[in-house]
Amino acid sequence: MSSGQNSGGLMSSAGLVRYFDSEGRDAIRIDPKTVIAFAVLFGVLVQIVSLTI
């Protein structure tokens, strides 16, 4: 590798470090089933509203 090229190793891993660092005890935890249920209910609500308009 030439000295003029930047491999970006440190820069590309910075986001992962922040992501894994944020999984501490004080982080907000949401059950995946809750997210799926909310998405399904939101989709049903959108369908109901689109039928009434």
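1. Let's start with aromatic pairs. How many does a search of the whole structure find? One. That pair is Phe38 with Phe42: the ring centres sit 6.3 Å apart and the planes meet at 20°, so we call the pair stacked. The cut-off behind that label is that planes under 30 degrees apart count as stacked. Keep in mind that this is a predicted model.

2. Phe42 comes out at 48%, so it counts as partly exposed.

3. Now the record. UniProt has an unreviewed entry that lists residues 35-52 as "transmembrane region". In the model, that stretch is 100% helix and 0% strand. Its end C-alpha atoms lie 26 Å apart.

4. Stepping back to the protein as a whole, you'll find two helices and zero strands. Of its 53 residues, 2% are buried.

5. Last, the surface. The protein's accessible surface comes to about 5,300 Å², and carbon and sulfur atoms account for 66% of that.

Conventions. Residues numbered from 1 in each chain as written. Predicted model: local features only at pLDDT ≥ 70, side-chain atom pairs only at ≥ 80, totals over all residues. Heavy atoms only, no water. Helix = DSSP H or I, 4+ residues; strand = E, 2+ residues; numbered from the N terminus. Buried < 20%, exposed > 50% of the residue type's maximum accessible area, 1.4 Å probe, protein only. Areas by Shrake-Rupley, 256 points an atom, 1.4 Å probe, with all protein chains shown as cover. UniProt positions renumbered as here; feature names shortened; annotations may be inferred. Phe/Tyr/Trp six-rings, centres within 6.5 Å; stacked < 30°, edge-to-face > 60°.
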